[in-house]
Amino acid sequence: MEFQWICSCIALLFLLSALYFCSRLYSAERGLSLLSIAFHISGVDLALWFIVYVVGAIEVGVAYLPFFACLSTPNRILGGVLGLLYTLMWLIVRLYDTISCPSGRILGHHEKLIILWPFFLCLFFLLVRFVYIIVKAVRIHLQLQPDESEEDLQFHQFRYVQTLLKRPPERPEEKSWFRRKVYDWDPHFKFPNRMIGTSIISLIGLYTMTLADYSLSDYTFDKLDALKNSLAEIASSCNETNNVFTSLIPRMNEFSFVARRSWLATTIFSTLTSVTYTFHVLVCYRKHLKRLWRGQKTFLPEKFHKPSPAVSVAAITRYSGWQIAFTLWGFLIVHFVQFLFALLFVYGVVLPIQKGHFLSWLSSVGIILLTILLVIALVVVQIILVQIFFLQDKLSPDDKEKPLALNNRKAFHCFNYFFFFYNVVMGLSNCILRLLSSCIVGTWLVSRIDRTIMQRGYESMDPGYGTWIGMIFADHYHSNPVMVSFCHLLLGRTLDKQGPAVSSYATFSNKTGCSVGGRVRVRWLLLYTLLRNPALILLRKRKKLAQNDNQDPLILARAVTSQAQQAAELDNNKTAETEPTQSDI
């Protein structure tokens, strides 16, 4: 048995090494990746490209699979040792590659270190994790510390159930400014590893995308400057003083300067927006899940109140990949939209002021603001006139508003007629404003998978939001603290009845034990409960009745109810007899 164990360790170690060097052989840095080969094949159809992408994804999955296998194996010592060796191989080869060739053509001498430092940070974390697993497994093997059971892993859920059973405090807990304004943590809630891993990968991908965006923009603006210099040379070589290139060069200089600064500023703002959204998704996950625990589904569209089980389980497999992709696409889209707004602000506000056209700019802005204020004022006037003249008086002086009942109907019809033509004109501008607002908000929230960007009634056309709903429902059904605690208590009692032979299953421990009179006590509690709640008799599971047994549970429930009422009346009579009267006092 020991020889087979050693052979399996050696075989698994060889397999891990082979997987590693195969992944290095086909890595993108050596130029032999399947993804890079696809771009060098001419005349390849899209279907073949799709197959190549799928094979490339499988290649990446196989290369990183040993990490997860070593982290999740029940043999903690074996998994920790092999995982430590595999991580060291990755770290040594990557460090050698970075030290031997650290520079690049875009970011300079330390390009690889700038790009790969999150990767090294993850490898160092895995090293520490595997060392911790080995040390803990050795201590458990030497009986220096108890083994970790499933009950310890789910202790936060049991604590949550205990808080539900406790009486709420008379005074609410005083929270700090950070908990009130920024983030309020919950000690009885634990995010699943899927959510934490998805957020970390989203941040790493966002960092890589920001570097690529900055590098590409810098290259593009350098090409624009080269084009501007070429046009300047052409303009200087022309004999004519008033040619097209001479008048175009100052505008290009101005646009190049404004665009470069605007792009850099919006890169920072869009990155901060995406990072904020990544953390806000975690907050929304906890908020939505706790609402489902309380049985609240009103925050969801009605058609999503009961999703299909297959759709919910499939949503778990899709969520992580979709969330990362939505975050990256959202960064690019929000960045481009912010860049357009920055250009509009600079050309509409900053440059006119810098060029000395402040008065003309102020007059234009004043006319626009005056028009907007007049439109808003007329809308407010309509509401005030309706509130004063066309609504009936309050039914009660304590009412906050007048009732929704018309008064002065003929005057209201005249009022409606004369405002009809103005409302048509105002409706034209509001329609455009509605479209622009919808586009801006939808673009701004495109990476928010927890919110739909579709109108009410069309939420099913948003596959990202459907994935979010299915995922939180699957987590709700599998991690509801009340249900988990109930199942552990039920399973623990069942295993106690069956004996210690099957007690290896980890359950929620109940230290009360089973005394000699436990069965009598349980039956007495059952009788007391049925006396107080006779309707439960009809819901009890009953054995098959014999042919000569004609006992009807409905008749039994009525008899128990009448006995309970008689006992309550007798108790009240005895209490009234024993109470002292005024004459006795």
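Visitor: What makes residues 411-429 a helical stretch in this model?

Guide: In this predicted model, the chain over residues 411-429 is 100% helix and 0% strand.

Visitor: Why is S274 called buried?

Guide: Buried means under 20% relative accessible area. S274 has 3% relative accessibility, so S274 counts as buried. This serine is found in helix α10.

Visitor: Which residues does S274 touch?

Guide: Leaving aside residues up to four places away in sequence, S274 touches L206, T327 and F331.

Visitor: How many cavities of 30 Å³ or more does a search of the whole structure find?

Guide: The search finds one. The largest cavity has a volume of about 60 Å³, and T327, a contact of S274, is one of the residues that line it.

Visitor: What makes T327 a lining residue of the largest cavity?

Guide: A lining residue has an atom within 4 Å of a cavity point. T327 belongs to the lining, together with M195, T198, S199, S202, T278, V281, L282, Y319 and Q323.

Visitor: Which helices supply the lining of the largest cavity, and which gives the largest share?

Guide: Helices α9 (193-237), α10 and α11 (309-354) each supply at least two lining residues. The largest share, four residues, comes from α9.

Visitor: What makes a set of residues a nonpolar core, and which residues have the most contacts inside the largest one?

Guide: The members must be buried residues of the nonpolar kinds, joined through side-chain atoms within 4.5 Å. The largest such core has 20 residues, and those with the most contacts inside it are M195, Y285, Y319, W468, I469, M471 and I472. Helices α10 (244-293) and α14 (463-479) each supply at least two residues of this core. Apart from it lies another core, of 16 residues, including A63, L82, Y86 and L127.

Visitor: Which residues does Y285 touch?

Guide: Beyond four places in sequence, Y285 touches F189, F191, P192, R194, M195, W468, M471, I472 and D475.

Notes:
Residues are numbered from 1 along each chain as its sequence is written. This is a predicted model: local features need pLDDT of at least 70, side-chain atom pairs count only at pLDDT 80 or more; totals for chains, interfaces and linings use all residues. Side-chain values use heavy atoms; hydrogens and water are left out. Buried means under 20% relative accessible area, exposed over 50%, partly exposed in between (1.4 Å probe, protein chains only). Contact means heavy atoms within 4.5 Å. On a 1 Å grid over the protein atoms alone, a cavity is a set of points where a 1.4 Å probe fits but cannot get out, and a pocket is an open set with protein on both sides within 12 Å along at least five of seven lines; lining residues have an atom within 4 Å of a point. Grid points are joined across faces, edges and corners, and a volume is the space filled by probe spheres set on the points.
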